[in-house]
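Reader: I want to learn how to read a surface patch and a core. Can you take me through a case?

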Amino acid sequence: MRSTRFLVRPDVLVRSLQTPIRRPPQSCLRAPRQTRTFLMRPRTSTRAVERLDINGLRHKAYDYHLKRHRFLQAGALAGVIAFTYTAYLLYLELQKPKKMDTGLPSGVDPFSTEGGSKRKTVIHDADGKEMVPTGYKGVPSFPRTLDLDMGTGNGQETVDGVEYTLVGLGMRSVSFLGIYVYLVGYYIATSDIAAIQSKLVKEVNPIATTLVPSERDDLRRRLLDPFEGEKLWREILDDVKPRSIFRIVPVKDTDFHHLRDGFVRAIMGRTQALPKEHADEGFARAMQEFRALWNRGKAPNKSELLMVRDERGVLTVVFDAGKGKGQNRGTVGRVLDERVSKALWMNYLAGRQVASEPARKNIVEGIMEFVERPVGTVAAQVVVSHHV
């Protein structure tokens, strides 16, 4: 068998040796990409885990939740402030007087008199009696007039059919908490109102029969003044001697001993200012009689207690436990010394400290209603209204 020989020329060999060898592309040198099947576990790199900052992520999460919590708190606080401010604006708006459909000029209060004093609003109960609203839920109204029979026998003078007109009322409260004790109203005999009118009008203007607004303002100021008011009321009680009543209705269950202690302290406080007039044995005996009147039991809620002062200054205490209906009134007793009733009356009417400041102010406004009309006309109007 013959062998085959290949002859290479020298120039071709040299040229082939000088030609560089071409390498295949880099992509062709990479390992073949493996395809993942469902039986193969995923290949994970540990390089990302090595770079994870756990503490940094924790601080970022804490800052995020802290900012979110503070934002929610600020929103809740802003909501409370907005709600409170809106309620306050609504309250102010409700306090403003509203103009209703009326033919009165602007700024005119239909319940005010020419001098600015408030007229009493009068309503009627189920029996048709005239009542004055008190503004207190426990005792919603007081009768506008009282018809009182003071006859007791025992040798005392009997007074039948005396009509008394309500002048003013207010609540008696104690302690700095303002605990309500009883509602008190001041009544004056209707036929004695004209004498009080004349006394007060002449006190301000000796030639007048009624007072103009500026004069009424001056009289109001004097009645509210601790010294001038006491002087005026003492002159009325001593000179005019009006028959009058203080009607007391407890707003909570109490007893006569508790009421007695308050009245005795008030009387002794008034008499200390005038020791020479109250230093005799007669006044001491009168105070013993006054204390003895209150040796009784309970004074339940809404019962009626009347302290009556006649033209001689005699004090008569009348009590009705029948919820203030006036159907079971009974006389508790009397004190003849007029100094006792005067001191007790002044405890409500005038002075630096009174038993009820709302009652004193309301009584003064009732007096303003009297003096704004001609002398004698108030009694006539009340009597006509009562019989109608």
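Reader: Which helix holds Y91?

Author: Helices are DSSP runs of H or I, at least four residues, numbered from the N terminus. Y91 lies in helix α4, residues 54-95. This is a predicted model: local features need pLDDT of at least 70, side-chain atom pairs count only at pLDDT 80 or more, and totals for chains, interfaces and linings use all residues. Residues are numbered from 1 along each chain as its sequence is written, and side-chain values use heavy atoms, without hydrogens and water.

Reader: Is Y91 buried or exposed, or in between?

Author: Buried means under 20% relative accessible area, exposed over 50%, partly exposed in between (1.4 Å probe, protein chains only). Y91 has 48%, so Y91 is partly exposed.

Reader: Which residues make the nonpolar surface patch?

Author: Patch residues have over 30% relative accessible area and no salt bridge (a Lys or Arg side-chain nitrogen within 4 Å of an Asp or Glu carboxyl oxygen). Nonpolar side chains (Val, Leu, Ile, Met, Phe, Trp, Tyr) are joined within 5 Å. Here Y85, Y88, L89, Y91 and L92 make a patch of about 530 Å². Areas come from the Shrake-Rupley method.

Reader: Which residues have the most contacts inside the largest nonpolar core?

Author: A nonpolar core joins buried Ala, Val, Leu, Ile, Met, Phe, Trp, Tyr and Cys residues through side-chain atoms within 4.5 Å. The largest has 54 residues; W233, F263, F290 and M307 have the most contacts inside it. A second, separate core of 18 residues includes F142, L166, L183 and A189.

Reader: What does M307 touch?

Author: Contact means heavy atoms within 4.5 Å. Beyond four places in sequence, M307 touches residues including F246, F263, W294 and W345.

How values were computed
Patch = residues over 30% accessible without salt bridge, like charges linked within 9 Å, V, L, I, M, F, W, Y side chains within 5 Å. Areas by Shrake-Rupley, 256 points an atom, 1.4 Å probe, with all protein chains shown as cover. Helix = DSSP H or I, 4+ residues; strand = E, 2+ residues; numbered from the N terminus.
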